Structures are given as C-alpha cells and as structure tokens.
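Open the model in your viewer and keep the selection panel at hand. The tour below goes from one selection to the next.

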Amino acid sequence: MPTELTALESQSDELALLGLMQLVSPALPIGAFAFSQGLESAFELDWVRDEASLAEWLNGVLEDGLTRCELPVLARLHDAFSQAFGQADMVEGRKSIAAWDEWLAATRETAELAAEDSRLGASLKRLLGSLNLLPREQQLQSEGLLPPLLPPQAGYVTLFAYTAHVRGVSVRQTLLGFAWAWMENQLAVACKALPLGHTAAQRVIEQLRPALVNAVNQALTLGDEELGPVLPGLALASALHETQYSRLFRS
C-alpha cells in the first residue's frame with residue numbers, strides 16, 4: 001500500500017508539473033506575445049538599448065513590480081481558491097478572490113496595462129472553457145447564495161491562480177511559473193524589437209534565474225500592507241506607448 005500511495009503521489013506531482021508547463025508555455029493561445037508591458041517604448045526612449053540595460057530593466061521590474069504585486073497576490077489567490085473549494089469558509093474564500101482581483105485591477109496605471117490584464121484573462125477563461133476546466137454553471141446555480149467562484153471579468157493573474165490550483169500546482173511553483181512566463185515574454189519582445197540575439201537572451205536568463213527565486217522568496221514574506229508596485233518608469237513608458245508612432249506590440 002505505501003508503494004501504491006507513493007506512485008500515485010508521484011504521478012499527481014508529475015501531472016501538476018506538466019499542467020504548469022502547459023500554462024506557462026509561449027504556445028498557450030491567449031495572446032501574451034502581443035503585449036510588451038512598456039518595454040517597446042523603453043527601446044524607443046533609449047532607456048533600454050542592449051543586453052546589459054535590458055537585464056537591468058527586467059531586474060528592476062521584477063524587484064519593484066512582480067515581487068510587490070503579482071507574485072504575493074498570486075499566493076493569496078491560490079490560498080483563496082483552496083478555501084473556496086473547501087468545506088469551511090467557502091464564502092470568505094470567494095470574497096477574497098473577488099477582492100484581490102479588484103485590487104490588481106486598481107494597480108494597473110495605464111489603459112494599456114489594464115487592457116492586457118483583462119484581455120489575457122478573458123482569453124485564458126475561454127481556453128479553460130474549451131478544456132472543460134471552468135466550474136460548471138449548474139454547480140454554481142445549486143450553490144444558492146454563494147458568490148461566484150470566478151469574478152465575471154477576472155483578470156489574467158486571477159485566472160492563472162485558478163488554473164494552477166485546478167492543476168494541483170503548489171503555491172511556490174505557481175509563483176515561479178508566473179515569473180518565468182513573464183521573463184520569457186519580455187525577452188521575446190526584446191528579440192523582436194531590439195538587435196538582440198537569442199544567445200544574448202539566454203545570457204539574460206542565466207543572470208536573472210537566481211533573481212526569480214529571490215523574488216518568490218520575498219513575495220511569500222510580504223504582508224498585505226507592504227504590497228503595491230513602485231514602477232513609475234514602466235507606467236510612463238506604457239502611457240507613451242499608446243501614442244508611439246511605430247509599434248510592433250498592442251496598446
């Protein structure tokens with residue numbers, strides 16, 4: 001029996017890992033490749049011009065953005081989904097999901113950043129529906145006065161947390177996966193819009209891999225009162241991108 005249980009646990013862990021790889025894959029058809037998060041404007045402004053300045057920009061966004069915003073909120077959302085699916089405090093879990101989803105929406109400082117979060121969330125929700133991974137409407141109707149499990153206009157981070165929970169991905173692995181997907185997308189932007197080769201992009205990955213781990217470590221220690229991105233440069237770049245003369249990425 002212990003051997004059978006160990007085998008089942010191992011299979012569950014492997015399925016969770018594969019589910020996370022699917023969720024963070026650049027091939028996931030949600031359109032993340034279409035957004036630069038202000039990076040294309042940073043190129044135009046000459047704030048980012050080469051491998052070294054790109055690594056510095058990404059490290060800054062990671063430290064003052066993801067570490068203080070998306071990553072700690074992902075952890076809270078993951079826990080809230082566990083609570084919402086449980087037998088006790090289901091209502092509180094669902095209220096917490098809605099509250100953090102609204103909080104994230106309020107941190108988007110430009111129309112471009114807000115549109116990215118909402119559009120990617122809507123795309124991921126449609127994909128989950130086609131994979132039969134959304135909560136069934138009949139179940140929601142039978143729950144009576146319970147708030148909906150997913151907010152009607154849930155953003156990308158909330159849908160990411162939901163998918164990771166459904167796939168059985170641990171909190172820490174969820175945060176690492178999200179940070180990795182963000183970094184890969186930003187490097188893809190740089191390879192398209194800068195004279196940056198793929199080998200240079202891999203060097204940036206090697207430089208930033210420890211920073212991703214440190215970001216997750218720090219994000220898991222922050223209290224609610226310590227959260228909030230501090231990225232005035234990214235906000236300005238994103239705002240300017242909306243009227244940039246020549247663009248490869250959506251605004």
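At what angle do the axes of helix α6 and helix α8 cross? Select residues 111-130 for α6 and residues 156-166 for α8 in this predicted model. Their axes cross at roughly 30 degrees and come within 7 Å. Angles under 35 degrees count as roughly parallel, so α6 is roughly parallel to α8.

Next, show the side chains where the two helices meet. On the α6 side, select Asp-117, Leu-120, Gly-121, Leu-124, Lys-125 and Leu-128. Their counterparts in α8 are Tyr-156, Val-157, Leu-159, Phe-160, Tyr-162 and Thr-163. Coloured by class, this contact shows eight nonpolar, two polar and two charged residues.

Now turn to the cavity search. One cavity of 30 Å³ or more is counted, and the largest cavity has a volume of about 60 Å³. To display its lining, select Gly-19, Gln-22, Leu-23, Leu-28, Leu-124, Leu-127, Leu-128, Leu-131, Leu-133, Thr-163 and Arg-167. Helices α1 (2-24) and α6 each give two or more residues to this lining. By class, the lining has seven nonpolar, three polar and one charged residues. Leu-124, Leu-128 and Thr-163 belong both to the contact of α6 with α8 and to the cavity lining.

The last stop is Ser-238, in helix α11 (residues 232-241). Is Ser-238 buried or exposed? Its relative accessible area is 0%, so Ser-238 is buried. Leaving aside neighbours within four places in sequence, select Gly-38, Thr-110, Glu-112 and Leu-113 to see what Ser-238 is in contact with.

Technical notes: Residues are numbered from 1 along each chain as its sequence is written. This is a predicted model: local features need pLDDT of at least 70, side-chain atom pairs count only at pLDDT 80 or more; totals for chains, interfaces and linings use all residues. Side-chain values use heavy atoms; hydrogens and water are left out. Axes are lines fitted to C-alpha atoms, for helices over the stretch in contact, and angles run from 0 to 180 degrees between N-to-C directions. Helices (H or I, at least four residues) and strands (E, at least two) are DSSP runs, numbered from the N terminus. Angles under 35 degrees count as roughly parallel, over 145 as roughly antiparallel, 65 to 115 as roughly perpendicular and the rest as oblique. Contact means heavy atoms within 4.5 Å. Ala, Val, Leu, Ile, Met, Phe, Trp, Tyr, Cys and Pro count as nonpolar, Asp, Glu, Lys and Arg as charged, and the others, Gly among them, as polar. Buried means under 20% relative accessible area, exposed over 50%, partly exposed in between (1.4 Å probe, protein chains only). On a 1 Å grid over the protein atoms alone, a cavity is a set of points where a 1.4 Å probe fits but cannot get out, and a pocket is an open set with protein on both sides within 12 Å along at least five of seven lines; lining residues have an atom within 4 Å of a point. Grid points are joined across faces, edges and corners, and a volume is the space filled by probe spheres set on the points.
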